[in-house]
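Dear colleague,

Please find below the structure that I promised to pass on to you. My notes on what was found in it follow directly after.

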Amino acid sequence: MKAIDCLVNVDMGDTAPPDWMIRVKEDYFKGGADFLRSPELPELVDAMDAAGVERAILISRVGRKDDRARRYAEERPDRFALGIGGFDLLRPMRALRALESFVRDHPVAYATVGPSFWGDGMYPPSDAVYYPLYTKCCELDLPLCVNTGIPGPPIPAEPQNPIHLDRVCIRFPELRLCMIHGADPWWDTAIRMMIKYRNLRLMTSAWSPKRLPASLLHYLSTRGRDRIIFASDHPVLSMSRCTGEVANLDLADDVRQAWLHDNAQSFFFVPRKPGQ
């Protein structure tokens with residue numbers, strides 16, 4: 001079955017990793033040497049082909065010079081799009097201008113923000129500091145991915161409780177919003193939120209598919225068939241490992257194909273018509 005990997009890192013070995021990343025590698029994922037390395041373009045394409053991944057979204061940051069993700073997307077637009085983050089939301093106009101400029105010039109599939117990873121974890125997604133970003137994403141019809149669940153690094157976790165997206169979905173029903181990196185330990189809250197709001201999705205990035213909770217797989221197989229989106233967080237978890245584990249799960253073929261490919265295609269790559 002074909003797949004779209006919606007969250008891939010290509011620059012983790014380009015700079016010295018912060019201490020918290022080392023701790024995540026060694027304490028959380030028990031990662032080896034490949035955890036913090038940057039793949040060359042032919043190597044990455046070969047890994048995608050071996051895992052059945054026809055397209056990948058590479059993580060980039062605004063203002064980064066000699067950006068590997070951007071370079072790969074320019075060289076192989078048939079295989080890559082970009083997820084863009086790194087916004088200083090305390091300087092909203094500068095951040096919004098940077099986002100709009102980047103979207104105009106590059107193949108951006110979504111913007112991304114991690115509430116635990118900036119501002120000392122003091123700003124949950126319900127805080128008004130995010131509202132300019134939400135508004136701009138609505139104007140651009142650009143999906144926004146927000147980290148949910150307790151993060152691996154030793155940083156504040158509470159702002160990533162998915163309940164903080166409740167008011168966001170109420171205030172911004174036009175916003176295409178996706179929870180990323182799962183929602184542990186608040187899976188049931190995330191599922192209930194997706195039942196409640198049509199514009200909300202969940203991406204299984206950074207989660208071994210075989211370790212996903214039974215409640216999420218049940219939701220995926222029933223009323224949430226169009227709500228769950230596949231991603232590996234490669235090389236944190238390899239593409240081949242993740243697609244292989246999906247293949248081994250007890251799922252109907254149409255459910256598996258929706259998770260691996262179709263939901264990402266419709267959510268990130270198909271523009272909406274006015275009023276949708």
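In which hand does H9 pass H10? The crossing of H9 over H10 is right-handed. Please bear in mind throughout that this is a predicted model.

**Helix pairs**

To begin with that pair, H9 spans residues 239-248 and H10 spans residues 253-268; their axes come within 10 Å and cross at roughly 160 degrees. Because angles over 145 degrees count as roughly antiparallel, H9 is roughly antiparallel to H10. On the H9 side the contact involves Thr243, Val246, Ala247 and Asn248, which meet Arg256, Trp259 and Leu260 of H10. Sorted by class, the residues of this contact are four nonpolar, two polar and one charged.

The next pair is H4, residues 92-105, with H5, residues 131-140. Here, too, the axes come within 10 Å, and the crossing angle is roughly 25 degrees. Angles under 35 degrees count as roughly parallel, and H4 and H5 are therefore roughly parallel to each other. H4 passes H5 in a right-handed crossing. From H4, the residues Pro92, Leu96, Leu99, Glu100 and Val103 take part in the contact, and from H5 the residues Pro132, Leu133, Lys136, Cys137 and Leu140. The contact of H4 with H5 comprises eight nonpolar residues, no polar ones and two charged ones.

The crossing of H7 and H8 is left-handed. Trp187, Asp188, Ile191, Met194 and Ile195 of H7 meet Ser215, Leu216 and Tyr219 of H8. By class, this contact of H7 with H8 has six nonpolar residues, one polar and one charged.

**Nonpolar cores**

How many residues make up the largest nonpolar core? That core has 68 residues, and those with the most contacts inside it are Leu58, Phe80, Leu144 and Trp259. Trp259 is also one of the H10 residues that meet H9. Beyond its neighbours within four places in sequence, Leu144 is in contact with Ala111, Thr112, Val113, Leu133, Tyr134, Cys137, Leu175, Arg176, Leu177 and Cys178. Leu133 and Cys137, among these, also belong to the H5 side of the contact with H4.

**Two individual residues**

Val103 lies in helix H4. Is Val103 buried or partly exposed? Its relative accessibility is 22%, and Val103 therefore counts as partly exposed. Apart from neighbours within four places in sequence, Val103 is in contact with Val108, Leu140 and Leu142. Gly52 is 51 residues from Val103 in sequence, and the two C-alpha atoms are 28 Å apart in space.

Arg76 is located in the loop between helix H3 (68-75) and strand S3 (80-85). With a relative accessibility of 27%, Arg76 counts as partly exposed. Not counting residues up to four places away in sequence, Arg76 touches Leu41 and Val45. Arg76 and Tyr197 are 121 residues apart along the chain, and their C-alpha atoms are separated by 35 Å.

**Backbone features in the loops**

Most residues other than glycine have a negative phi, and most peptide bonds are trans.

The peptide bond from Asp184 to Pro185 is cis, with omega near 5 degrees. Pro185 sits in the loop between strand S6 (177-180) and helix H7 (187-196). His181 is found in the loop between S6 and H7, and it has a positive phi of about 65 degrees although it is not a glycine. At 23% relative accessibility, His181 counts as partly exposed.

Another cis peptide bond joins His234 and Pro235, with omega about 5 degrees. Pro235 lies in the loop between strand S8 (228-229) and H9.

Finally, Asp120 is not a glycine, yet has a positive phi of about 55 degrees. Asp120 is placed in the loop between strand S4 (108-113) and H5. Asp120 is exposed, with a relative accessible area of 61%.

With kind regards

How values were computed. Residues numbered from 1 in each chain as written. Predicted model: local features only at pLDDT ≥ 70, side-chain atom pairs only at ≥ 80, totals over all residues. Heavy atoms only, no water. Core = buried A, V, L, I, M, F, W, Y, C linked by side-chain atoms within 4.5 Å. Buried < 20%, exposed > 50% of the residue type's maximum accessible area, 1.4 Å probe, protein only. Contact = heavy atoms within 4.5 Å. Axes fitted to C-alpha atoms, helices over the stretch in contact; angles between N-to-C directions. Helix = DSSP H or I, 4+ residues; strand = E, 2+ residues; numbered from the N terminus. Parallel < 35°, antiparallel > 145°, perpendicular 65-115°, else oblique. Left-handed = near helix turned anticlockwise from the far one by under 90°. Nonpolar A, V, L, I, M, F, W, Y, C, P; charged D, E, K, R; others polar.
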